[in-house]
Amino acid sequence: MNTRPDQPLRLGTRRSKLAMSQSGHVADAVREVTGRPVELVEITTYGDVSREHLAQIGGTGVFVTALRDALLRGEVDFAVHSLKDLPTTQPDDLVIAAMPRREDARDALVARDGLTFEQLPDGARIGTGSPRRTAQLNHLARTLGKRIETVPIRGNVDTRIGFVRDGELDAVVLAAAGLNRIGRGDEATDLLSVDSILPAPGQGALAVECPASSTDLIAALSSLDDPHTRAAVTAERSLLAALEAGCSAPVGAFADLLADGRIVNEMRLRGVVGTLDGSTLVQLSTTGPVPQSYDEAMALGRELADEMLAKGAAGLMGERSL
């Protein structure tokens, strides 16, 4: 780590508009807590240059490896990841020093003519690169008595929304957090309730990662950590890990905090696994005291995963990511 107080801290980030925006927000917060200048170092990842669909190139880690390599080589001091892109196993020599307060975790629909999901015509073509979204969108359509066609897409926010603007697709589904972070949240025509579509584990949250040896930086970054966000996403990612599923599997999970008046006293964790056509879903939830430690949050996720596996979740995931 750079140690001179006037020397900029180097923040590694992907080059996309969204990554640069969310890294910029973190950089501002780090400048405030450290009094140090922070410069963004743009890094191209395999997931950025490959045109294959994420499920084909492995999903988990394709946006992360190059950033982590730069950290380990000392080319950057810390890095910002979208938490849902991180593999569930954490390298021993790197530490997630902070998980700032989570943005909106929901999925957002951007549809032609301002349509909501319920207003889409029968046979509507909806673009998504996510098996999780595909399974749940198809299931939601079935419950509404309509048929949709999900179309696999890749690309940045502009590219994806462009498919709708050009009339190629009736709608696309994106993370609400991403739209909000680049100032385009008002383009969503429908925010999909977590009661209908569970987000990806960790969706809407960021991970600020640095080498385990950078003890001073870890201490400084820890002030950006939001304990409730960390407890929730740790439980969600524990569920994902216990199902032995990578982010290319159709697994959704969401933990929310339940308040009795103003006092937050319980956490509810929901999980879903489904077939891509939406014909079969295993969707369960569990509620317990808000986890006070990493181990308690992990236990909550494993407990729900065990129940889901007992209900046949493994058979719905297709190939498992090892």
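The structure is a predicted model, in which local features need pLDDT of at least 70, side-chain atom pairs count only at pLDDT 80 or more, and totals for chains, interfaces and linings use all residues. Residues are numbered from 1 along each chain as its sequence is written, and side-chain values use heavy atoms, with hydrogens and water left out.

The protein chain contains 10 helices and 13 strands; helices (H or I, at least four residues) and strands (E, at least two) are DSSP runs, numbered from the N terminus. The chain has 322 residues, of which 52% count as buried. Here buried means under 20% relative accessible area, exposed means over 50%, and partly exposed lies in between, with a 1.4 Å probe and protein chains only. The accessible surface comes to about 14,200 Å², and carbon and sulfur atoms account for 48% of that surface. Such areas come from the Shrake-Rupley method with a 1.4 Å probe, and for residues only the protein chains shown count as cover. Among contacts between residues at least 6 apart in sequence, 71% join residues at least 24 apart, where contact means heavy atoms within 4.5 Å.

On a 1 Å grid over the protein atoms alone, a cavity is a set of points where a 1.4 Å probe fits but cannot get out, whereas a pocket is an open set with protein on both sides within 12 Å along at least five of seven lines; lining residues have an atom within 4 Å of a point. Grid points are joined across faces, edges and corners, and a volume is the space filled by probe spheres set on the points. By this rule there are 2 cavities of 30 Å³ or more, and the largest cavity holds about 70 Å³ of space. Its lining includes Thr13, Ser23, Phe63, His81 and Asp85. Strand β1 (9-14), helix α1 (17-34) and strand β3 (78-82) each supply at least two residues of this lining. By class, the lining of the largest cavity divides into 5 nonpolar, 5 polar and 2 charged residues. In this scheme Ala, Val, Leu, Ile, Met, Phe, Trp, Tyr, Cys and Pro count as nonpolar, Asp, Glu, Lys and Arg as charged, and the others, Gly among them, as polar.

Serine 23, one of the residues that line the largest cavity, belongs to helix α1. Serine 23 has a relative accessible area of 0% and is therefore buried. Its side chain makes a polar contact of 2.8 Å with the side chain of threonine 13; a polar contact is a pair of N or O atoms within 3.5 Å, and within protein one must be able to donate a hydrogen and the other to accept it, while residues adjacent in sequence count only if both atoms are side-chain atoms. Beyond its neighbours within four places in sequence, serine 23 is in contact with Leu11, Thr13, Leu40 and Val80. Aspartate 28 also lies in helix α1, but its relative accessibility is 43%, so aspartate 28 counts as partly exposed. The side chain of aspartate 28 makes a polar contact with that of arginine 31 at 2.7 Å.

Glutamate 209 is placed in strand β10 (residues 206-211) and counts as buried because its relative accessibility is 0%.

The second largest pocket has a volume of about 410 Å³. It is lined by 21 residues, and the closest to its centre are Met99, Thr234, Arg237, Tyr294 and Met298. Helix α9 gives the most to this lining, with 8 residues. The lining of the second largest pocket has 12 nonpolar, 7 polar and 2 charged residues. Methionine 99 is found in the loop between β4 and β5 and is buried, with a relative accessible area of 4%. Methionine 99 and valine 233 are 134 residues apart in sequence, yet their C-alpha atoms are 9.1 Å apart in space.

A last stop is aspartate 113, in the loop between β5 (107-111) and β6 (124-127). Aspartate 113 is exposed, with a relative accessible area of 66%. Its phi is near 60°, a positive value in a residue other than glycine. Most residues other than glycine have a negative phi.
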